[in-house]
Amino acid sequence: MDIKVRQEYIEKAKKLHELYPVVDAHLDLAGEILLRKRNGEQDIVRNHYLQNFQTAGINLVFSSVYVENSVLEERKGEKPAPGWENALLQIQALKEDVEGLTDVILVFERKDLEQALCENKIGILIYMEGLDCIGEDIARLDQLYDLGVRGCALTWSRPNALGRGCCKALEYRQIPGGLTPAGIEAIKHMEERSMFLDVSHLNDEGYEQVCRIAKKPFIATHSCSRSIFDNYRNLTDGQMEALARQGGIMGVNGCKYIAGSIAGNHLEMLCRHIEYEVEKIGAAHVGYGFDLCDSYDRARAALYGRSVSGQDDCLLHHGQIPLLTAALLQRGMSEQDLEHMIGGNFVEYLRKVVFKT
């Protein structure tokens, strides 16, 4: 049985979400928009996300650009690497979809971030979930930057020219192999451009190398604790501590296969992860990065004439985020810690690492 949250704590959580920045550090929004546009839909953010973003008081969403395995396979052999066109189409589709939305702003610079916060708008920051699409052509990072991309994960859960990803969420196996010379060069180039590095899908060997190579704080946008739920997509205590030592943040993942809530105890497991992470590395290094994928999966299924049933996300939609905050309050988490964890930590990270000038 999951946590039953009392109304008094729901009201307190709503107030926190009104008063302080709220951030979701991982959502496959750009890819979903492209899928839905290909199926004839328009105004995807307005019709599928805007109301729930507003209900949660969200000020910033990190929209990933994720190229699916099927696209890479279909374009196999393309030079310099498959998936480049698809990545560009995702970025274009996102920009076109939010154009004209007065409550939404794309975040490319410090002033955009501050405008979203000051005017209570919803900022969308674009980043790459895996760099398969650039191959070893590091100069393409500059092209992505010019298009508004402000961060990258080197890998998704698969190997590419830069390194090796960890196994997929439903697998359980250690994947060997570290970063390639091109992967090391990519990290250095990203740091020169003040692009953040996301390690959520990197394998353990690559993570260890990042800890030695990175000169600037890196983050895990959507990872939980491996001690709470033993999944290779989650971080070990040592990895969490290394991330915190260099000033990074980990966003709790809201997929039931990663949080470990297959039995339906979604809020309980999310709370357990967050409480453990706060105990081990401090509230300043914990945030929200839910990776809610059910809507994306429905969009992909509709495009190919299939249907999906069931729920893989721990939350039904973004409008339920205050419910998690309320559950944490009810279990004894302080309001002071939560005002930072619901979004302030990621905002300060961006100010220091990505938009410092």
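Trainee: Is E68 buried or exposed in this model?

Mentor: In this predicted model, E68 counts as buried, because its relative accessibility is 9%.

Trainee: Which side chain does E68 meet in a salt bridge?

Mentor: The side chain of E68 meets that of R300, with a distance of 2.9 Å from N to O. E68 lies in the loop between β2 (60-65) and α4 (69-74), whereas R300 lies in helix α13 (residues 294-303), so the pair ties together parts that are 232 residues apart in sequence.

Trainee: And what about R300, how accessible is that one?

Mentor: R300 is partly exposed, and its relative accessible area is 26%.

Trainee: How many salt bridges are there by this rule?

Mentor: The count comes to 24 salt bridges.

Trainee: Which residue forms a salt bridge with D312?

Mentor: That residue is K256, and the closest N and O atoms of the pair are 3.9 Å apart. K256 belongs to helix α11 (residues 256-259) and D312 to the loop between α13 and α14 (321-330), so parts that are 56 residues apart in sequence are tied together.

Trainee: Are K256 and D312 buried or partly exposed?

Mentor: K256 counts as buried at 14% relative accessibility, while D312 counts as partly exposed at 26%.

Trainee: Where does E275 lie, and where is R331?

Mentor: E275 is in helix α12 (residues 266-281) and R331 is in the loop between α14 and α15 (335-354), so this pair ties together parts that are 56 residues apart in sequence. Their side chains meet in a salt bridge of 2.7 Å, N to O. E275 is partly exposed, with a relative accessible area of 23%, and R331 is also partly exposed, with 37%.

Trainee: Which residues are linked in a network of salt bridges?

Mentor: R110, E114, E348 and R351 are linked in such a network.

Trainee: Changing topic to helices: at roughly what angle do the axes of α9 and α10 cross?

Mentor: The axes of helix α9 (residues 204-213) and helix α10 (residues 237-245) cross at roughly 25° and come within 11 Å. Angles under 35 degrees count as roughly parallel, so α9 is roughly parallel to α10.

Trainee: Is the crossing left-handed or right-handed?

Mentor: α9 passes α10 in a left-handed crossing.

Trainee: Which residues meet there?

Mentor: From α9, D204, Y207 and C211 take part, and they meet Q239, M240, A242 and L243 in α10. The residues of this contact divide into five nonpolar, one polar and one charged.

Key
Residues numbered from 1 in each chain as written. Predicted model: local features only at pLDDT ≥ 70, side-chain atom pairs only at ≥ 80, totals over all residues. Heavy atoms only, no water. Axes fitted to C-alpha atoms, helices over the stretch in contact; angles between N-to-C directions. Helix = DSSP H or I, 4+ residues; strand = E, 2+ residues; numbered from the N terminus. Parallel < 35°, antiparallel > 145°, perpendicular 65-115°, else oblique. Left-handed = near helix turned anticlockwise from the far one by under 90°. Contact = heavy atoms within 4.5 Å. Nonpolar A, V, L, I, M, F, W, Y, C, P; charged D, E, K, R; others polar. Salt bridge = Lys/Arg side-chain N within 4 Å of Asp/Glu carboxyl O. Buried < 20%, exposed > 50% of the residue type's maximum accessible area, 1.4 Å probe, protein only.
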